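Subject: Structure handover

Hello,

Here is the structure I said I would pass on. My notes on what was found follow below it.

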Amino acid sequence: MRLTSLIAALAALAASPAMSQDHSVPNAAPWDQAFLPPAPEWNGASRALLREPGDRWATDFERDPALDFSPDYADTRAWFHRLDQASDLIRIEEFGVSPEGRPIYAVIASKDGAQFDPSKPVLLAQAGIHPGEIDGKDAGMMLLRDMAFYGKSDLLDRVNLILIPILSVDGHERASAYSRPNQRGPRIQGWRNTATNQNLNRDYLKMDQAEMRAVRGLVLKYRPDLYLDIHVTDGMDYQYDVTFGFNGENGTFTRSPAISAWLDDVFKPAMNDALEAQGHIPGELVFGLDDQDPKKGLSDGGLGERFSNGWGSAAHVPTVLIENHSLKPYEQRVLGTYVLIEESMRRLARDGAALRTAIAADQALRPTEIPTNFVADNQPSSTRAFTGILYDHYDSPSSGRREIRWLGQADPEVWQVPFYGSSPTLTLKRPTAYWVPGHRPDIIERLRAHGVQMEVLSEPRVADVEMLRLQEPRLASRANEGHVGVTVSGVEAERMDWTFPKGSVRVPTDQPLGDIVVLLLEPQSTESFFAWGLFPEVLSRVEYIEAYAIAPLADRMLDADPALKAEFDAKLAAEPDFAANADARLAWFYERTPFYDQRFRLYPVGREQ
């Protein structure tokens, strides 16, 4: 009954005057987009990029009368296979297998054959990390086709292109008309998470998933000079149809200052000019602070290394996060993505050498301090000019409050909106190296998958290291990405000689990925393996002592050690709850005996200073 009522309500909404815009599409139920705000009319010059539906190389997207369709995995692969067979410029390379057994593949466009000319810059364009946000796949199909057959092969004279049309292939096939309710098209969309219910754009550092390990292997093999990670937004309405950003934009924090300067000074203006020339409205990647009050403020959305842009900054791989606007028609978004990828190739052809110089400069950095654990600022750092959409508010019977209603019309006035950045709450010191014990091959393999350099011990070795005692560990109240996270209030370094068994690794921080090593292996880092809950064993204490044994021992300790008695008396006076808790009092003494578990809360990764 409830489903029937929902269908009736949505059908009525579709027929209402407020929703009388042309939202209908062939083969779609009338309520699919009826509740979305209207889209401003658009007739950009980039429509000339479309091939006629009868063209033998028209994509399924172009053949669709509504330009609102994206093919499934099998049809996409079949189309690329046909392109591969017909053109010497195109080849398909499988580079991984999904949890459900589907090959993950890239489509490579090059005039170099199987072996790239190392003097040519490489562009990696990745689509479908969130499969409902699949604009990059259909744009990439069109561009590859045009390079093969329609006069754009010159793009490959000085640049090579690697397109990942679908990264999350399993999520792509969990497809329906009901995946992304805030997004206008395509009418059948994939699911955000993988078959293991993981969000790949939270896995850039912890490296849980087969898909992410596969794409990292591809990055290590081809060493792209520029990495485009193509998404679609959620959130507020605005005039921009293609937004993009990167760590270090407009002087914000970055671990790769030379790369960020190139992206800011060279890449961004070129993309903006090319998009505007084709009738698009490019904008900086920002996120609204308040869904009900869009003028309240904008934020950078966070700079963490679990995201592509944060990882790229730490790994010194120029990485741009593209977020097309979800409320713009699918045609408009796909064509804007085409323009951006094409112009990225042209810019690399012209200025790739300068970008490589920037990459080398950033890879040589070895900062002694590494800021991390970024949180949103409480105060704005600047004011941003922002082109918004007109809106009003109405009383909603369902929510019982005033709700925002976007009107689908450009606001003629430019908004001046406060912008809130992010700031670090922790600064880590860079040690000489870390020692990871051989009994944690899972941690070692994750580091190896990143491309981290390490020395593997062929026999046991005693190392002079700091072992870290974890202070006040707390488990998260809920799971996140298949893990129960852990935080600590601090660590206490204990210098000692520690024997690391055969198979352990020494991981120096004097390497291009040294920042990533620190972020992964310092337990206080929110991006660390420990923070993701990968070392739960250190939180369990082994052995205990009965009260009948510890009480007389504690009495003797008080009699024999005046300093201990003074410390105990001070704690009793300062902490009434402790003084009233007999078990806590006895536990305090037990912790000061040699019987206590000396490895309780002792992090097993050593720090070499």
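Predicted model: local features only at pLDDT ≥ 70, side-chain atom pairs only at ≥ 80, totals over all residues.

Arg 601 is partly exposed, with a relative accessible area of 31%. Arg 601 is not a glycine, yet its phi is positive, at about 60 degrees. It sits in the loop that runs between helix H15 (582-590) and strand E24.

Strand E24 covers residues 602-608, and seven of its seven residues are buried, so the strand is largely enclosed by the rest of the structure. The cover is on both faces: Leu 602, Pro 604, Gly 606 and Glu 608 are buried on one side, and Tyr 603, Val 605 and Arg 607 are buried on the other.

Which strands are joined to E24 by bridges? One is E17 (residues 433-436), which runs antiparallel to E24 and is joined to it by three bridges. Within this pairing, Tyr 434 has Arg 607 of E24 as its bridge partner, and Ala 433 stands opposite Glu 608. The other is E19 (residues 461-471), also antiparallel to E24 and also joined to it by three bridges. Here Arg 469 has Leu 602 of E24 as its bridge partner.

These strands belong to an open sheet of six, in the order E18-E23-E17-E24-E19-E22, with antiparallel pairing. The edges are formed by strand E18 (455-456) and strand E22 (490-500), each of which pairs on one side only. In general, the strands of a sheet pair through backbone hydrogen bonds, which may be arranged in parallel or antiparallel fashion.

A helix is covered as well. Helix H11 (residues 514-521) has eight of its eight residues buried. They are Gly 514, Asp 515, Ile 516, Val 517, Val 518, Leu 519, Leu 520 and Leu 521.

Two further backbone details are worth a look. Where is the cis peptide bond that has an omega of about -5 degrees? It joins Gly 185 and Pro 186, and Pro 186 is found in the loop between helix H5 (169-173) and helix H6 (210-222). The second detail concerns Asn 250, a residue other than glycine with a positive phi, near 55 degrees. Asn 250 lies in the loop between strand E6 (242-245) and helix H7 (257-277), and it is partly exposed, with a relative accessible area of 40%.

Now the chain as a whole. It has 15 helices and 24 strands. Its radius of gyration is 28 Å, close to the 25 Å that the globule rule gives for 609 residues, so the chain is as compact as a globular protein of that length. The C-alpha trace spans about 95 × 65 × 45 Å along its principal axes.

Of the 609 residues, 54% count as buried. Among contacts between residues at least 6 apart in sequence, 77% join residues at least 24 apart.

Regards

How values were computed:
Residues numbered from 1 in each chain as written. Heavy atoms only, no water. Helix = DSSP H or I, 4+ residues; strand = E, 2+ residues; numbered from the N terminus. Rg over C-alpha atoms; globule rule 2.2 N^0.38 Å. Buried < 20%, exposed > 50% of the residue type's maximum accessible area, 1.4 Å probe, protein only. Contact = heavy atoms within 4.5 Å. Pairing = 2+ DSSP bridges.
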